[in-house]
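Please examine the structure shown here.

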Amino acid sequence: MSLDAETDKGVYLFVEGEHQRYSVRLMSGGTFNCTCTLASLKAGKPVICSHVVAAILFETAREK
Ligand SMILES: [Zn+2]
């Protein structure tokens, strides 16, 4: 897990998956996005994959 970029619109993180690295975006409006298959399969529907969960936990810990 590493922080890629942080803007006033949101943060971009890299999350290490089982076989590859995914790019997770957490937007300031409360929306999120992940490049993994699970997220793309459910495009258009609110889905929280394990990478997004990990990213949120990472961000929560970082802000303390
Ligand atoms: Zn994911």
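**Strand pairing**

In this predicted model, Leu26 has Phe32 of β4 as its bridge partner. Strands β3 and β4 run antiparallel and are joined by three bridges; two strands count as paired if DSSP finds at least two bridges between them. In their hairpin, four residues lie between the strands, and Gly30 takes a positive phi near 100 degrees. Strands are DSSP runs (E, at least two residues) and helices are DSSP runs (H or I, at least four), numbered from the N terminus.

Strands β2 and β3 also pair in the antiparallel sense, over seven bridges, and a hairpin of four residues joins them. Glu16 has Arg21 in β3 as its bridge partner.

**Basis of the model**

Residues are numbered from 1 along each chain as its sequence is written, and side-chain values use heavy atoms, without hydrogens and water. Local features need pLDDT of at least 70 and side-chain atom pairs count only at pLDDT 80 or more, whereas totals for chains, interfaces and linings use all residues.

**Two faces of a strand**

In a regular strand the side chains alternate between the two faces of the sheet. The covered face of β3 holds Tyr22, Val24 and Leu26, and the uncovered face holds Arg21, Ser23, Arg25 and Met27.

**The zinc site**

The zinc ion is coordinated by Cys34 (SG), Cys36 (SG), Cys49 (SG) and His51 (ND1), at 2.0 to 2.3 Å. Along the sequence, these donor residues follow the spacing C-x1-C-x12-C-x1-H. Donors are N, O and S atoms within 2.8 Å of the metal (3.2 Å for Na, K and Ca); water is not among the atoms, so sites may look incomplete.

Key:
Buried means under 20% relative accessible area, exposed over 50%, partly exposed in between (1.4 Å probe, protein chains only).
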